[in-house]
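Please open the structure in your viewer and keep the selection panel at hand. We will walk through it one selection at a time.

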Amino acid sequence: MYIIYALLASVFSGLTSVFAKTGIKNIDSLLATFLRTIVISLFLFLIIIWKENLNDIFLLDTKTILFLILSGISNTLLWICYFKALDLGTVSKVTPVDKTSVVLTLILSSIFLNEKITSIKIISILLMLSGTFLTIKKESKDSKDNKWIIYAILTAVFTSTTTLLSKIGIESTNTTLITFLRTIVVLIILTIITLFKKKYKSIKDIEKRSWLFIILSGLSTSLSWLFYFKALALGEASVVFPIEKLSLVVSILISITFLKEKVNKKQIIGIIIIVIGTSLLFF
């Protein structure tokens, strides 16, 4: 079942990227992330109330709470570094560096979670990385600052760290409640940063269409997280994480189908390679 959950997580993660790309424009990235996190928190809270899981918070042990906070902090740093990298560099440069998180996750899960590094996992990850490089379009825009690579590397590190901390903290625990509490940690940190930088002043300038896509991206992110952490609780991080990265393929396919975006032969080959690489993890 964890493979199914990981695949569902990739679908909703892909939808999140499309919603953000098509509807959330001319909005500060930090402010958009803050508002989306509010939507995620409210949605997860309603699910917990509906399932009557709120009382489970008193059953959490010290270890779970600690890793919950650490994963929330790591996730926040991940978002901050990622958007900073995109601000300083181009997507075609940042994305390949970010995707190295797949390799880092494999190594860290082997060291800290005692998950085996098999030849199938290595071949799968190499194929996924190769496919990812092929799907990235070249951009003519030059980077504003060479510091982008520092933030891109930090993004990869925090992506892997978040997965590792989440895996350790959610074992034998109500994953829906953990996802909600982890989101609250992220929201608290983003609230402090948003207030400190006074980004909230731009809220009044957000158009109705952008609000719609902020809500839609928040809902899709919520579902992605719910399925992702459920998959992590049941399966190996070194397998779940690469499968979730199929979200790149989902985003491209949705863009082709509904946004009528064109793709070249190199991108098509890249998509096929990613799917083949991911399929190896099913065996």
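## Starting in a loop

Begin by selecting Lys198, which sits in the loop between H8 and H9. A word before going on: this is a predicted model. Is Lys198 buried, partly exposed or exposed? Its relative accessibility is 47%, so Lys198 counts as partly exposed.

## Into helix H8

Next, select Thr175, a residue of helix H8, which covers residues 175–196. Thr175 counts as buried because its relative accessibility is 8%, and the cut-off for buried is under 20%. Show its surroundings, leaving out residues up to four places away in sequence, and you will find Thr175 touching Phe229, Lys230 and Ala233.

## Where H7 meets H9

Two packed helices are described by the angle between their axes and the distance between the axes. Select helix H7 (residues 148–169) and helix H9 (residues 208–234): their axes come within 9 Å and cross at roughly 65°. The crossing of H7 past H9 is right-handed. To see which side chains take part, pick Thr163, Ser166 and Lys167 on H7; they meet Tyr228, Phe229, Leu232 and Ala233 on H9. Coloured by class, this contact of H7 with H9 shows 4 nonpolar, 2 polar and 1 charged residues.

## Tyr228 and the cores

Stay with Tyr228 and list its neighbours, again skipping residues up to four places away in sequence: Tyr228 touches Ala9, Thr163, Val240, Phe241 and Glu244. Which residues touch the most other members of the largest nonpolar core? They are Tyr228 and Leu232, in a core of 51 residues. Now highlight helix H2 (residues 29–51), which gives this core its largest share, 9 residues. Apart from that core lies another one of 7 residues, and you can find it by selecting members including Met128, Leu248, Val249 and Ile274. As background, nonpolar side chains tend to be buried together in soluble globular proteins.

## Last stop: helix H10

Finally, select helix H10, residues 237–244. How many of its residues are buried? The count is 8 of 8, so helix H10 is mostly covered. Step through the buried residues of H10 one by one: Ala237, Ser238, Val239, Val240, Phe241, Pro242, Ile243 and Glu244.

Methods. Residues numbered from 1 in each chain as written. Predicted model: local features only at pLDDT ≥ 70, side-chain atom pairs only at ≥ 80, totals over all residues. Heavy atoms only, no water. Axes fitted to C-alpha atoms, helices over the stretch in contact; angles between N-to-C directions. Helix = DSSP H or I, 4+ residues; strand = E, 2+ residues; numbered from the N terminus. Left-handed = near helix turned anticlockwise from the far one by under 90°. Contact = heavy atoms within 4.5 Å. Nonpolar A, V, L, I, M, F, W, Y, C, P; charged D, E, K, R; others polar. Buried < 20%, exposed > 50% of the residue type's maximum accessible area, 1.4 Å probe, protein only. Core = buried A, V, L, I, M, F, W, Y, C linked by side-chain atoms within 4.5 Å.
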